[in-house]
Amino acid sequence: MNLELRHLKVVVAIAETGSVTKAASQLGLAQPALTAQLQRIERTLGGPLFERDRRGARPTALGELVLARARVLLPAMKGLQDEAARLAGTGDVMTRYRVGGANSPIVGGLVHRLAAAQPEAQISTYASWYADELAQMVLGGRLDYVLVGVCGDAAPSAAHGLAWRVVSVDAVFVMLPTAHPLATCDEVDLADLSEAQWVAAPGDGCFGDCFAAACARSGFTPRKVYETDIRGCIDMVESGEAVALCQATFRPVSGLVIRPLASAPLRWRLLLGWHPEALAAKFADDVLGHAVAAYEDMVGRNPLYQSWLDNNPPFGAQQVAPT
C-alpha cells in the first residue's frame, strides 16, 4: 500500500482526539474500519504508531515522527489547493459570482442586480451564521464575495487577509409584539427594557459584548437570552415571551413592530469582502456598487426606516450607488 494524504489525516485525527473511537466519529467512519485502516498504515510504515490502552491512544516514537511530517505536509497541501483554486479563476471577465452571506439582508437584491447586469453569468449563494467560515471559504477559493455584519467599529478578523469595504451603517432596532406597552412609542429607551427577556439568532463576533455594554451604560444587566433561528425569534416575540434586537431594515410580519432605540446605542455595519489577489478583486468596485444599490432598494421599501435615516444622516449607505 502506498501512503497517501488521507492516511496522514487518520494519524493526526487519532493523535488529536487521543482515541481511535473518537477519531472515527470525527472522520465519519465506523470504528472497525478506522482500526483496520490504521493497521494497514502501520504495516506500510513498519511498526506501531500508537500505544493503545484504557487511557486512550498515545503516539510511539515512530508515531511522533509521522505526526511531525504530517503537520507540515497537510497544511502545505491545503495551501496549494487554495492557491490553485484562486488561480484557476484568473481572466478578464467574471463568468460566475459565488456570494456568501452571514444573516445579510441584501443578498437577494445583490443577486438580482448581478443577474440583470450580466445575464450569462452563473450566480450561487451560500449562507452561514459565522463570518469566519465565510472568510475561510473565500481563502479556499470556494466563494468570491461575502457580506457580513459587524457591530460598532469592529472589523472582521484581519488574520484572513481579505479586503473589506463598508456598504452601510445601520442602527439596531428592537422587535416587540404589538401588544407590548412600548409598541406605540416612536422610540424605545433601552433602560425601559431592563426587565425583558431577550431572544437572539446564533452567530459570532462581538455583538453580544456590544449589547451587554450598552445595557450596562443604561444601568442594567440583561436577563436570560434565548438562542434560536430567525423563525424561532419571531415566534417568541410574537408570543410575548421575549423581545429581540433586529436589523433596522427588517420588515416586521403581522403581530410585530420594530422601534428605534433612543440615541442609537448600537450600530451594525454591513461589509463586502473579497480576496485581494483573486479575480474577484478586479470587479469588486462593480459588485460594491450593486450591493449599495441593493441596500438602497431595500431601504426604499421600508418607509419607517427611510424616515429615520432622513433624520440621522450619519447612518445609511456609505458609498454612492451607480445611477
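Which residues line the largest cavity? In this predicted model, the lining is made up of Ala-102, Asn-103, Ser-104, Pro-105, Val-148, Gly-149, Gln-247, Trp-268 and Leu-270. Let us start with that cavity, then step back to the whole chain, and finish with a walk through some individual residues.

**The cavity**

The largest cavity has a volume of about 30 Å³, and the count of cavities of 30 Å³ or more comes to one. Two strands stand out in its lining: β5, residues 145-151, and β11, residues 267-274, each supply at least two of the lining residues.

**The chain as a whole**

The protein chain holds 10 helices and 12 strands. Its C-alpha trace spans about 75 × 50 × 30 Å along the principal axes. The radius of gyration is 25 Å, whereas a compact globule of 323 residues would have one near 20 Å.

How much of the chain is buried? Of the 323 residues, 45% count as buried. The accessible surface comes to about 16,500 Å², and carbon and sulfur atoms account for 52% of that area. Contacts across the sequence are also worth a look: among those with a separation of 6 or more, 74% join residues 24 or more positions apart.

Helix α6 covers residues 131-139, and its buried residues are Ala-131, Leu-134, Ala-135, Met-137, Val-138 and Leu-139. As a reminder, an α-helix has 3.6 residues a turn, so residues three or four places apart point the same way. After α6 comes Gly-141, which has a positive phi near 75°.

Helix α3, residues 31-45, contains Thr-35. Is Thr-35 buried or exposed? Thr-35 counts as buried because its relative accessible area is 14%, under the 20% cut-off. Leaving out residues up to four places away in sequence, Thr-35 touches Val-20 and Arg-52.

**The loop between β10 and β11**

Two residues to look at here are Ser-263 and Ala-264, both placed in the loop between β10 and β11. Most residues other than glycine have a negative phi. Against that background, Ser-263 has a positive phi of about 65°, and Ala-264 has a positive phi of about 45°.

**Residues in other loops**

Gly-255 sits in the loop between β9, residues 244-247, and β10, residues 256-260. Why does Gly-255 count as partly exposed? The reason is its relative accessible area of 24%, which falls between the cut-offs of 20% and 50%. Once residues up to four places away in sequence are set aside, Gly-255 touches Leu-176, Pro-177 and Thr-178.

Lys-224 belongs to the loop between α7, residues 207-217, and β8, residues 225-227. Apart from neighbours within four places in sequence, Lys-224 is in contact with Gln-197 and Trp-198.

Pro-119 is in the loop between α5, residues 107-117, and β4, residues 122-127. Pro-119 is exposed, with 63% relative accessibility.

The table sets out C-alpha to C-alpha distances for residue pairs, alongside their separation in sequence.

| Residue pair | Separation in sequence | C-alpha to C-alpha distance |
|---|---|---|
| Pro-119 and Gly-240 | 121 residues | 45 Å |
| Gly-255 and Ser-307 | 52 residues | 22 Å |
| Lys-224 and Ala-196 | 28 residues | 8.5 Å |

If you have the structure open, Lys-224 makes a handy place to begin: Ala-196 is 8.5 Å away in space, C-alpha to C-alpha, and Gln-197 and Trp-198 are its contacts beyond four places in sequence.

Definitions and conventions. Residues numbered from 1 in each chain as written. Predicted model: local features only at pLDDT ≥ 70, side-chain atom pairs only at ≥ 80, totals over all residues. Heavy atoms only, no water. 1 Å grid on protein atoms, 1.4 Å probe; cavity = no way out; pocket = protein on both sides within 12 Å on 5 of 7 lines; lining within 4 Å. Points joined across faces, edges and corners; volume = space filled by probe spheres on them. Helix = DSSP H or I, 4+ residues; strand = E, 2+ residues; numbered from the N terminus. Rg over C-alpha atoms; globule rule 2.2 N^0.38 Å. Buried < 20%, exposed > 50% of the residue type's maximum accessible area, 1.4 Å probe, protein only. Contact = heavy atoms within 4.5 Å. Areas by Shrake-Rupley, 256 points an atom, 1.4 Å probe, with all protein chains shown as cover.
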